[in-house]
Amino acid sequence: MTLLQTLIIAFAVSIDGFWGGFAFGLKGSRFRVSHIFLLGCCTLLLCTIAMLAAHLLGRFLNIGLAVHIGAALLFGLGIYILVSSIIGYRCKDAASPRKEKNKAQINAPGAGINGFCGILLLGFAVAADASAATFTVSLTNRDIFIPLYMMVMHMVTIFCGNTLAMRKKIQKHAGKVFFLPGTILVALAIIRLF
């Protein structure tokens, strides 16, 4: 397998990272460089383990399991965001400045699902299929940089998705489609299963 083929596979499996970053951006969570790096490290970790497993135990592992785990994580994250968005939308009181201050604190980077645990959950969810792809590619390709290719591609696509969603034109309408971030993640999970 050539380097170009490996990079195409890395791009293909990182598309869900774009939508994951986009979903978090719609919630108003701007990923900092440290967040992007943490997401990339999740991909690097899972892909390195997958590459080592492919080299050591290739014929004994089930590739589909990683895809199902990633789908389950995305589904859970999507449901959580969807439910919290619906509750937040119903409890919204625009007349109270105190409520707006609390809302700003809740949506601040580092709070709740936007914090460390949420970023890790997203990182491992979008990296699960990359690890399955790394496992598959590593069965026939001995390139030790495959996990690094996956990491960089995931970091780029997550950053692009998050940056696009944080644009003023999109953020202006984000309140009207409060259910969209959770729905995107649930849809990604369902698509992965089929």
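Mentor: I146 lies in helix α7, a helix here being a DSSP run of H or I of at least four residues, and a strand a run of E of at least two, both numbered from the N terminus. I146 counts as buried because its relative accessible area is 0%; buried means under 20%, exposed over 50%, and partly exposed in between, with a 1.4 Å probe and protein chains only. The model is predicted, so local features need pLDDT of at least 70 and side-chain atom pairs pLDDT 80 or more, while totals for chains, interfaces and linings use all residues. Residues are numbered from 1 along each chain as its sequence is written, and side-chain values use heavy atoms, without hydrogens and water.

I146 and L7 are 139 residues apart along the chain, yet their C-alpha atoms are separated by 8.7 Å. The helix to look at next is α1, residues 3-13, where T6, A10 and V13 are buried. These three residues cover an arc of only 75° around the axis, so they sit on the same side of α1; the arc is taken from the directions from the helix axis to the C-beta atoms. L4, I8 and A12, on the other side of α1, are exposed.

F145 is found in the loop between α6 (116-140) and α7 (146-165). F145 is classed as partly exposed because its relative accessible area is 45%. Together with I144, L148, V152 and V156, F145 makes a nonpolar surface patch of about 450 Å². Such a patch takes residues with over 30% relative accessible area and no salt bridge, joining nonpolar side chains (Val, Leu, Ile, Met, Phe, Trp, Tyr) within 5 Å and like charges within 9 Å; areas come from the Shrake-Rupley method with a 1.4 Å probe, and a salt bridge puts a side-chain nitrogen of Lys or Arg within 4 Å of a carboxyl oxygen of Asp or Glu.

R142 also has its place in the loop between α6 and α7. R142 is exposed because its relative accessible area is 57%.

Beyond α7, the loop between α7 and α8 holds M166. M166 counts as buried because its relative accessible area is 15%. From M166 to F24 the C-alpha separation is 9.1 Å, although the two are 142 residues apart along the chain.

A positive surface patch, formed by R167, K169, K172 and K176, comes next, with the charge placed at NZ of Lys or CZ of Arg. K169 belongs to helix α8, residues 168-174. K169 counts as exposed because its relative accessibility is 72%.

Further on, I190 is found in helix α9, residues 180-193. I190 is partly exposed because its relative accessibility is 41%. I190 and A72 are 118 residues apart in sequence, and their C-alpha atoms are 9.0 Å apart in space.

As for the whole chain, there are 9 helices and 0 strands. From the N terminus on, the elements run α-α-α-α-α-α-α-α-α. The chain has 194 residues, of which 42% count as buried. I146, at 0% relative accessible area, is one of the buried residues, whereas R142, at 57%, is exposed.

Terms used: Lys, Arg positive; Asp, Glu negative; His and termini not counted.
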